[in-house]
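Subject: Structure handover

Hello,

Here is the structure I promised to pass on. Please open it first, then read my notes below.

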Amino acid sequence: MATIAWLIPRLIEGSGGHRTMLEHALALERHGHRCHLYLEGTHTDPDKGSQLIEQIFGYTFERVSFGWDAIEPADAAIATIWYSAAFVRDLPFPCRKLYFVQDYEACFNPMGDAFLMAENSYRYGLTPVTIGRWLRHELGERFGVPAYHFDFGANLDIYRPLPDVQKELAVCFIHQPDKPRRCSRLGLEALGIVKHRMPEVKIYLYGSPARDKGAIWFEHEHLGLLKLQDCNALYNRSAVGLCLSASNPSRIPFEMMAAGLPVVEMWRENTLYDFPPEAVTLANQTPECIAESILRLLDQPATRTAMSQAGTRFMADRPLSVETDQFRDAVERVLKGHTPDPAGIERLYTAAAETSQHYVGTLPASIQKRLSSPPNAYVNALPPRLRRFVGWGARVARRMLENR
């Protein structure tokens, strides 16, 4: 069996990306491989890394170190974030070099140096293993880099239909304003339209601390950060689940499907490769079109039932064990000297985007103004001196983030 070095970015409590890395490293260890995790940063206590992983994520690893500058010789090394790819590329010992790609990380930055540097990481000669089909497609199309992929799975012991849960006329939205790619404003504006047209609908927000929600202009309930079992209970009592992503799909819609919850997402290139049209409705990326799709489902119980059944069928073949087995198979192929098939990959979602305005109709001028105002409209309305101060603070914060 092989010794495999993982370069892990600084731990973030509640991070789904970190949980996915650790789950797949653990799966390799269960099949006899020896994983050594190298955490970004430094610490005076060499045993603190293992303790932190167990404390934050509940996983136990025997070999955990801090720092990426003293990687011990291994059979393979895995980059897990764009700026770790150069460290793996430049390792001073021969080994198989892989890139665990969970998102198109260039999109996390404004178009500029950081965006292009993140894209450059795909050109370093590492073998990518992507979560989902779209990233594999993207690396092949944009950079001519063939990749392995594994399908999105879900923990079916947690995410499953609950027979005794009372259904509500409710929409749940994964609201993460700290992650721009999760499009919190688009989602909120769409839900505001839904609430305007159907005041009786309950709106549940979750996935971030309630204190960080900001000003929301319609009635709702913010549930904050939920435990996994509480997420499943929420999916079971809701009628529609809303999860938006402007980059690689989130894992959340797949967990919603496993629980039998119909899902609404955006119809974009990044969502067409991993979602089944029978269980997910993809809408054009305007708040009006997203609201239209939600309102239609709320008005059509039979459609929701069909989508619920299709979602659980789709996810029945995708437990986490299948996901981790696909990843392990890719790693072991690389260890044996194999390379990915360069052939293209087809879309799963073949339906057109929903564009009707039947349910939304004509909106009041006050709502129309909200939908067309730029994100910085409140800044532009400030007095000149205060506006300059806010702009200066934003530039300083951006430079700090880019140079961290």
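A residue counts as buried when its relative accessible area is under 20%. Keep in mind that this is a predicted model.

Start with helix H7, residues 228–237. Its buried residues are Cys231, Asn232, Leu234, Tyr235 and Asn236. What covers them? Strand E8 (170–174) and strand E9 (202–206) are among the elements that do. Helix H8 (252–258) is another one of them.

Next, helix H6. It spans residues 184–197, and serine 184 lies in it. Is serine 184 buried or exposed? Its relative accessibility is 15%, so serine 184 counts as buried. Setting aside neighbours within four places in sequence, serine 184 is in contact with Phe173, His175, Gln176 and Pro177.

H6 also packs against helix H12, residues 365–372. Two packed helices are described by the angle between their axes and the distance between the axes. Here the angle is about 170 degrees, and the axes are 11 Å apart. Angles over 145 degrees count as roughly antiparallel, so H6 and H12 are roughly antiparallel to each other. The crossing of H6 past H12 is left-handed.

Which residues make the contact? From H6 come Arg185, Glu189, Ile193 and His196. From H12 come Ile367, Arg370 and Leu371. By class, three of the residues in this contact are nonpolar, one is polar and three are charged.

Best wishes

Notes. Residues numbered from 1 in each chain as written. Predicted model: local features only at pLDDT ≥ 70, side-chain atom pairs only at ≥ 80, totals over all residues. Heavy atoms only, no water. Helix = DSSP H or I, 4+ residues; strand = E, 2+ residues; numbered from the N terminus. Buried < 20%, exposed > 50% of the residue type's maximum accessible area, 1.4 Å probe, protein only. Contact = heavy atoms within 4.5 Å. Axes fitted to C-alpha atoms, helices over the stretch in contact; angles between N-to-C directions. Parallel < 35°, antiparallel > 145°, perpendicular 65-115°, else oblique. Left-handed = near helix turned anticlockwise from the far one by under 90°. Nonpolar A, V, L, I, M, F, W, Y, C, P; charged D, E, K, R; others polar.
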